[in-house]
Amino acid sequence: VVTPEVPLFTSTVGSNECQQQNSQVVQMSESEKMNRLHTEEVQRRLRNVLNRDGIKLWEPPYTNNDGTADQLPETLISRYSEELRMSADVVAANLEDLRLHAVRKLASRRKFQDSGVATLKVKLAGKGSLKCSSFEVETTLQISGKDFKKLLSEKCGLTVDHLKPIAMGRVIKDDLPLSSQHISNNAQVLVVCLSESEAEAQRKEDQMSKVRRAREGAELLANTLAADDDMDQDGNDYHLQIADQSGRALQIPHEEKKALTVAMTLNERGKAALKRKQHGEALLLLLEADREFQQCRSEILQAVDNYAILCLDIAWCYLCLKNVTALPDAQNRLQKCEQLFHKSYGNNLERLTTVKGSSGQEKALFVRLHLLQGVVAFHQGRRNQAVAELAKADAFLRQLQVDETKLTELMTMGFSTAEARLGLRACSNNVQAAVTHIMQKQEERREIRKKEQEERRQKKLARKLGKTANGEWVKVDLYNALVNMGFPKGGAGAALQQTNNNIQQAIQVLQDQPELLTLPDPDPVPVDITDEMLVQLVSLGFDPEMSRRALQSCQGIAQRAIDMLLQNAGILPEVLPAAGSTSASSNSAASSSAASSGSSSGATPSSSSSSPSSEASPAKSPEDLKREKEAYEELASDLAEHEEDYLDLTLEEESSFLQEYKALLESTLSF
């Protein structure tokens, strides 16, 4: 008998309840869930023997030409009852369900061939009061996604703004016809209801725009992060970066970075929603992230485990929503996930052990992977594979059980719950080893942060130092070398600009042109000039005001201030300006030397250090800055506290699902 495969986490029983538009959704009890899954197994086995025997229930003598039937032959019922060891009543009832399902599908197919009107099977995912939980919609496939949502709205009683239809693992787009979105006759559609009651609708009135805002924010932050790679732009003010599992920044080609940043930003938002158990919202965000990951080269996706975990999270949403009909999509994503895990971690996690020293933490992902693979296999009737996959999940789960007493002991030492749990899993519940592991991880993160801050400071300084006469950026290491020799910072930067980063010539320029020594520090740090500092210089005979100016220019370092006063006969111009601006006297003092070195701008080093940024990247408007800040704040609230947060799974839900499906497998053995 030709009938659709059993949809993932749902039943093949007809949607007669949705013929009554006033019916209400009622939460199923555990016994009802068990009965429903037993029905699926019975119908799967009946379908197999019907196909084997070539019996077509939708044709005579089982079905009349008008689609009706008097009664199925007793001989057929008796034969299958004996062969499958089921009661005759169970066989008769389920054969009739299969017959009706086949007749409806055949009628739908004929209607589509004759008139082009397709029948789509819709399943709602949501809480609260709905007119029905599943129903069929008849429509042409040329209808737009927007108009299709209007039809759904009429059926389920929710406004269009609160419906998000998904088919073939993708959100149906408003502006495209269904036919161009790989939707065919008899396709199954999951509709995520983002608001289920008037009270909740008031609280979630902006729910529909949340995903759109998340995407806009992700694109904005991607542009901001890309500016961090561009020395001609102001860079990333929010300290965002793409890092590996240990927190080290990754060097990614500029052309890839934007798409990857958008994808990972949406992925982080989706994972945060998943942790809050907002599975509908999480699925939408994760599917958006999936679209962006597809823009990246396969080499990028295969080099990291982000895409593998994304596929795993989407499949997990399918299970938690309980009524997703896209079984092929779930199966394909789990296959991709497993392949990428093996590539990243090694077939036996040996690569992971080599890199990180243990594999205990990542095993939590394999609990979820094998559990989902077992669930999919169960619903596809691959019993032996389901048993094997659930056994793997069970084995990993047992390895990852955390001793609650030891967990509490570590938490009383001041470690967070996540640190304690991850540490115990990494060290097989050895408290002392876990303490060492956690402290080592903390130290590694501190060192990485320290290095990142220094790299960021160096990059910021390079922007302030500006470019040389031939257009290259002043090299920070050469600048530091001159400063360490005792030359003032402003003069060191100016000399390297004039000499195109030739340190020997820069030293000569500083000796030949003492006026450069009075140029302002390109990266000044505010210093309070105390009376004690002034007394030290005034006692040597220098004028108090000149002494103050020298100390301000030299960041309060007395010896450098004394050298500056001696080189300028105790007379200094008015208080030297901060980086990015110059006084008239300093500008004129440097103009001749800049011109002689071939500089076309004729500006001082400090002013030229700010000019590249201002010329290449116009100042952002207040509106742009506000949007950028809002996007960052929304993302920051969803970002994990540390790099391994995605591994901190309590595994309570996994354990519950595992026990449920192990019980189902055992119970179906009685048929």
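This is a predicted model: local features need pLDDT of at least 70, side-chain atom pairs count only at pLDDT 80 or more; totals for chains, interfaces and linings use all residues.

Biologist: How many salt bridges does a search of the whole structure find?

Modeller: The search finds 25 salt bridges.

Biologist: Take Asp-53. Which side chain does it meet in a salt bridge?

Modeller: Asp-53 pairs with Arg-79, at 3.4 Å from N to O. The two come from distant parts of the chain, 26 residues apart, with Asp-53 in helix H1 (residues 30–53) and Arg-79 in helix H2.

Biologist: What about Lys-277, which residue does it form a salt bridge with?

Modeller: Its partner is Glu-653, and the closest N and O atoms are 3.1 Å apart. This pair also links distant parts of the chain, 376 residues apart. Lys-277 sits in the loop between helix H7 (254–275) and helix H8 (279–293), while Glu-653 is in helix H27. Lys-277 is partly exposed, with a relative accessible area of 49%, and Glu-653 is partly exposed at 27%.

Biologist: And Glu-443 with Arg-446, how far apart are the closest N and O atoms?

Modeller: They are 2.9 Å apart, and the pair forms a salt bridge.

Biologist: Where do Glu-443 and Arg-446 sit relative to each other in the helix?

Modeller: They are three residues apart in helix H17 (residues 431–465), so about one helical turn separates them. Glu-443 is partly exposed at 35% relative accessibility, and Arg-446 is partly exposed at 46%.

Biologist: Which residues do salt bridges with shared partners join into one network?

Modeller: That network consists of Arg-52, Asp-53, Arg-79 and Glu-83.

Biologist: Changing topic. Where does Asp-648 lie?

Modeller: Asp-648 is in the loop between helix H26 (622–638) and helix H27 (652–668).

Biologist: Why does Asp-648 count as buried?

Modeller: Because its relative accessible area is 10%, and the cut-off for buried is under 20%.

Biologist: What is Asp-648 in contact with, leaving aside neighbours within four places in sequence?

Modeller: Lys-275, Ala-418, Arg-421 and Leu-422.

Biologist: Last one, Ser-81. Which helix is it in?

Modeller: Ser-81 lies in helix H2 (residues 74–84). Ser-81 is buried, at 14% relative accessible area. Beyond its neighbours within four places in sequence, Ser-81 is in contact with Met-86, Ser-87, Ala-88 and Val-91.

Notes
Residues are numbered from 1 along each chain as its sequence is written. Side-chain values use heavy atoms; hydrogens and water are left out. Helices (H or I, at least four residues) and strands (E, at least two) are DSSP runs, numbered from the N terminus. Buried means under 20% relative accessible area, exposed over 50%, partly exposed in between (1.4 Å probe, protein chains only). Contact means heavy atoms within 4.5 Å. A salt bridge is a side-chain nitrogen of Lys or Arg within 4 Å of a carboxyl oxygen of Asp or Glu.
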